[in-house]
Amino acid sequence: MPSLRLDHATVAYADGTPVLHDLCLHLDPGWTAVVGANGAGKTTLLLALARALPLLQGDLHQDAATVLYVPQRVDHPDPRVLALDADWSRAALRWKARLQLEDDQVARWPTLSEGQRKRWQIAAALAARPDALLLDEPTNHLDAEARALLLDALAGFRGVGVVVSHDRALLGALATRSVRVAGGTAELTALPFEAARAAWAQTEAAAAEAAAQARARHGKALAAARRARQATSAATAQRSARARMKSVKDSDARGVAADIRTARAEAAHAARAGAMASRVALLEAAVPAGPEKKAVVARPVTFEAHRGATRLVALADETIAVGGRVLLEGVCVTLERGGRVHLAGPNGSGKSTLLRHLAAVAKAPAERVALVPQDLSAAEAEAQVEAVRALAPEPRGRVLELAAALGLDPSGPMSGRPLTPGQAKKLALASALGRGLALLLLDEPTNHLDLPAIEALQDALTRAELAVVLVTHDPTLAAACTDQVWRLDAGRLALA
């Protein structure tokens with residue numbers, strides 16, 4: 001039976017900086033959910049399990065002949081995708097049909113949507129029949145139909161499955177065990193995600209109560225130690241005063257007795273002060289650190305909207321093409337200031353293409369229009385960081401304040417270390433929101449974000465006074481932030 005096991009393992013970044021410490025995990029066949037805040041080390045854990053990152057210490061036991069890691073990004077067709085595309089065996093045809101893959105798609109990879117690429121990536125991994133499959137955010141970019149197809153395919157996998165995701169529906173339907181990555185380590189709980197989350201919350205509540213009680217005892221011990229030190233100081237002062245004021249008429253016997261009594265009192269107070277100091281040290285060690293700091297600070301994301309043109313978009317019977325291929329015909333839409341649009345449609349219908357077109361033709365200054373894409377390449381993320389660094393102190397502080405409200409440590413972009421996809425997305429959102437927009441175009445903004453950041457973004461969009469066009473497969477976000485629907489399908493745009 002295949003399995004993956006980490007024994008007291010420490011994993012580091014490529015530069016040698018430790019990320020995860022003392023990992024003790026034993027993963028058997030079946031699906032295990034891996035959850036945690038952006039930047040906590042979830043992808044690092046998958047890379048360690050795949051032997052793509054070395055261990056600084058400890059051991060990894062792979063009782064599995066084939067271990068496949070499937071990354072978040074799908075910029076190019078990997079060798080497995082190319083092999084599946086060229087394979088016309090009965091098994092390969094079944095996988096292509098199961099995930100609704102078309103024969104000509106790989107040849108025109110740059111024109112495919114992220115969701116279409118993701119289906120090819122997952123199908124190719126499953127077709128390779130690995131003993132262990134490590135998936136990093138597999139449902140990013142997928143529409144509802146594609147998610148259902150993927151879930152059905154993954155449910156039939158019989159090897160060791162590990163999935164990093166913030167998709168609660170996927171985790172609830174697939175995983176029977178849960179790993180929480182937090183505080184530089186990973187904790188395995190033999191429960192599905194929702195049950196595990198409830199157990200973690202109960203543990204954190206108990207830890208918080210224990211911390212409160214320990215701090216109360218600590219405070220009492222500090223007060224007692226302070227009183228003991230004051231008594232010792234008073235006894236010492238009294239003894240010194242008596243020595244200075246001793247009369248020549250005092251008998252030696254009375255003086256000696258008084259000195260003995262004073263010395264005994266001083267010693268008793270000193271002993272008590274020492275005992276109290278020891279008790280304080282013990283109580284300090286007993287005070288739990290408490291639950292991990294939440295990813296999002298407890299304040300709303302606020303930003304100013306630009307007051308400009310009333311009508312921001314006006315398209316009349318337009319045709320939109322990419323690479324000579326017509327995607328949309330007869331596009332007729334208008335968008336007023338403050339309009340809220342959910343741009344819906346299946347993968348590959350042209351939503352991202354239409355967003356780019358709207359950004360190009362918007363009737364507002366270019367600096368007042370922002371398009372936040374689904375993903376940023378490593379080069380794009382680095383360029384985003386450099387752009388923030390180049391800002392004057394006041395606007396840079398504003399961007400970093402917004403990033404912090406989305407759960408990104410403001411020091412992260414300034415540290416020089418590459419950002420995770422989730423951290424890069426938060427910085428991109430903060431950079432857009434920080435410059436007084438008239439029109440915000442969001443392409444799957446929840447991809448790569450942890451749940452607190454999604455909730456903070458949703459709150460911000462519901463209160464903003466700017467125009468928004470939102471592409472998302474998150475029905476909760478769409479319902480909260482938009483009031484009209486533009487639906488793309490079969491090359492046409494319909495207003496619902």
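Predicted model: local features only at pLDDT ≥ 70, side-chain atom pairs only at ≥ 80, totals over all residues.
Me: Why is Q374 called buried?
Reply: The relative accessibility of Q374 is 10%. Buried means under 20%, so Q374 counts as buried.

Me: What makes the pair Q374 and S352 a polar contact?
Reply: Their side chains are joined at 3.2 Å. The cut-off for such a pair of N or O atoms is within 3.5 Å, and therefore the pair qualifies.

Me: Which residues is Q374 in contact with, leaving aside its neighbours within four places in sequence?
Reply: They are E114, H141, S352, K425, D443, E444, N447 and H448. For E444, 70 residues away along the chain, the C-alpha atom is separated from that of Q374 by 5.3 Å.

Me: How do you know that β1 and β2 pair?
Reply: Six bridges join β1 (residues 3-12) to β2, and the two run antiparallel. Pairing requires at least two bridges, so β1 and β2 pair. Among the residues bridged, L4 has L27 in β2 as its partner.

Me: What is the order of the three strands in the open sheet?
Reply: The order is β2-β1-β4, with antiparallel pairing.

Me: Why is one side of β2 and of β4 left without a neighbour in the sheet?
Reply: β2 (18-27) and β4 (55-63) stand at the edges, and each has a single partner strand, so one side of each has no neighbour there. From one strand to the next, the twist averages 10°.

Me: Which strands does helix α1 touch?
Reply: Helix α1 (residues 42-49) packs on the sheet and touches β1, β2 and β4. Its direction makes about 60° with that of β2.

Key:
Residues numbered from 1 in each chain as written. Heavy atoms only, no water. Helix = DSSP H or I, 4+ residues; strand = E, 2+ residues; numbered from the N terminus. Axes fitted to C-alpha atoms, helices over the stretch in contact; angles between N-to-C directions. Contact = heavy atoms within 4.5 Å. Buried < 20%, exposed > 50% of the residue type's maximum accessible area, 1.4 Å probe, protein only. Polar contact = N/O pair within 3.5 Å; in protein donor to acceptor, adjacent residues only side chain to side chain.
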